[in-house]
Amino acid sequence: MKLIILLALTLLISCASQPSNLYNKIGGEQTIERIATHFVDEIGNDEIIVAYFEKSNVDRFHQSFKIHLCSLIDGPCKYEGDDLKEVHRGMNITEGDFNRIVDLLINAMRTAGLTHRERNRVLARVAPFRGEIIYQ
C-alpha cells in the first residue's frame, strides 16, 4: 500500500513540474512544424489567398510563422521578426480575406491534430493581431 501511495505521489509531483502551457499541451515543436507546413499548403491551394503571397519568400514565411506561433502559445521561441503592420502595409487585406486566412489556419490546425478547444485557444492568441493585418 505504501508503494502505491509513493508511486501516486511521484506521478503527481512529476506532472506538476511539467509546464502545462498551450505549447506543451498541443505537442510542442513537432506540432508547430505540422501546423506551419499545413498552413503553407492551405495558402498555396487557395486561389484567392495565394495572390497575397506572390512576392513572398515562402520558406521565410514558413519559418517566421513557426517562430511567431511558438512565441504566442508560450513556447520557448522569441519572435523577433518583422512588424506585422509593416509586412502587411499596402496589401489591403479585406476582412473577408482575413477570415478566409483564419479558416485556412483552422484547417491546418485540424490536420495537425489539434482538438476544437486547442484550436480555439490558439486562435485567441492570434486574434489580437487582426488590426495589424487588415486594411493596411
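Predicted model: local features only at pLDDT ≥ 70, side-chain atom pairs only at ≥ 80, totals over all residues.
**The largest pocket**

Start by selecting Phe53, Phe61, Leu84, Val87 and His88, which lie nearest the centre of the largest pocket. The pocket holds about 820 Å³ of space, and its lining comes to 29 residues. Colour these by type: 20 are nonpolar, 6 polar and 3 charged. Next show the helices α4 (58-72), α5 (84-88) and α6 (95-111), each of which supplies at least two residues of the lining. Of the lining, α4 gives the most, with 7 residues.

**Helix α6**

Now select α6, residues 95-111. The end C-alpha atoms of this helix are 24 Å apart, which agrees with the 24 Å that its 17 residues should span at 1.5 Å a residue. Show the side chains of Asp97, Phe98, Ile101, Leu104, Leu105, Ile106, Ala108 and Met109, which are buried. The buried residues of α6 pack against α3 (28-44), α4 and α7 (116-126). Move on past the end of α6 to glycine 113, where phi is positive, near 100°.

**Leucine 69**

Go back to α4 and select leucine 69, which lies in that helix. Is leucine 69 buried or exposed? Its relative accessibility is 3%, so leucine 69 counts as buried, the cut-off being under 20%. Display Ile32, Ile35, Val122 and Val126: leucine 69 is in contact with these, leaving aside its neighbours within four places in sequence. Finish with a distance from leucine 69 to glutamate 33, which is 36 residues away along the chain. Their C-alpha atoms are separated by 9.9 Å.

How values were computed. Residues numbered from 1 in each chain as written. Heavy atoms only, no water. 1 Å grid on protein atoms, 1.4 Å probe; cavity = no way out; pocket = protein on both sides within 12 Å on 5 of 7 lines; lining within 4 Å. Points joined across faces, edges and corners; volume = space filled by probe spheres on them. Helix = DSSP H or I, 4+ residues; strand = E, 2+ residues; numbered from the N terminus. Nonpolar A, V, L, I, M, F, W, Y, C, P; charged D, E, K, R; others polar. Expected span 1.5 Å × (residues − 1). Buried < 20%, exposed > 50% of the residue type's maximum accessible area, 1.4 Å probe, protein only. Contact = heavy atoms within 4.5 Å.
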